[in-house]
Amino acid sequence: MRKVLYILGQLNDEDVEWMARTGRRIEARQASVLIEEGRATDDLFFVIGGEAVVKVSGVGEVARLGRGEVVGEMSLIDSAPPSATVETTPGSLILAIDKRAIELRLRDEPGFAGRFYKALAIFLADRLRSTTNRQKSNSGMKAGAIMDDELDEGILDQVSLAGARFEHMMSILSAARA
């Protein structure tokens with residue numbers, strides 16, 4: 001859940017409302033592919049409920065992502081094809097936001113662009129730190145001072161607000177379903 005807090009903590013209420021209204025709900029009745037390794041994807045995905053499974057060719061399953069996780073962000077930033085396949089589990093709820101819509105908003109709304117890119121930078125920095133710490137732990141070295149579940153103090157101030165924004169996004173998605 002904390003991954004989405006990094007992003008929503010940097011955005012404002014208008015940004016979150018835009019994302020919820022612009023995105024589309026994907027209710028996975030069965031396992032389905034969101035992102036296919038090596039093939040371009042058109043969307044940025046937020047796991048709202050359930051899980052998404054990350055698989056890499058030749059390796060197998062490398063991660064299970066739960067509520068609040070974000071996938072497809074690397075393909076939003078660069079033009080390289082995805083380096084993993086991401087599949088939903090049955091019963092998952094996903095918010096998919098078209099990358100073209102995001103790119104238009106980034107171009108037309110400089111404030112949104114600044115907040116969004118800062119959020120992605122924080123998110124990706126955390127992912128890199130977590131990966132580095134796991135590798136240190138797996139090699140027998142002592143993990144660094146930042147533990148896998150620890151949030152940076154500068155981020156903590158935004159967590160409560162981000163949680164409220166996530167719940168607001170969920171209420172918009174629920175209303176759209178009705």
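pLDDT is the predictor's confidence in each residue, from 0 to 100. I start my notebook with that, as I am reading a predicted model, where local features need pLDDT of at least 70, side-chain atom pairs count only at pLDDT 80 or more, and totals for chains, interfaces and linings use all residues. Residues are numbered from 1 along each chain as its sequence is written, and side-chain values use heavy atoms, with hydrogens and water left out.

**Entry: confidence**
I looked up the mean pLDDT of the protein and found 83, with 83% of its residues reaching 70 or more. Over residues 140-149, pLDDT stays under 50. For that stretch I noted 12 contacts (heavy atoms within 4.5 Å) beyond four places in sequence.

**Entry: strand 7**
Helices (H or I, at least four residues) and strands (E, at least two) are DSSP runs, numbered from the N terminus. Two strands pair if DSSP finds at least two bridges between them. Which residues make up strand 7? I found residues 85-88, pairing in the antiparallel sense with strand 2 (residues 33-35) over 2 bridges. Strand 4 (residues 52-56) also pairs with strand 7 in the antiparallel sense, over 4 bridges. Then I checked Glu-87 in strand 7: it is the bridge partner of Val-33, and also of Val-53.

**Entry: Leu-93**
I found Leu-93 in strand 8 (residues 93-98). Is Leu-93 buried or exposed? Its relative accessibility is 16%, so Leu-93 counts as buried (buried is under 20% relative accessible area, exposed over 50%, partly exposed in between, with a 1.4 Å probe and protein chains only). Leu-93 and Ile-26 are 67 residues apart in sequence, yet 5.7 Å apart in space, C-alpha to C-alpha. Leaving aside neighbours within four places in sequence, I listed contacts of Leu-93 that include Ile-26, Phe-46 and Ile-48.
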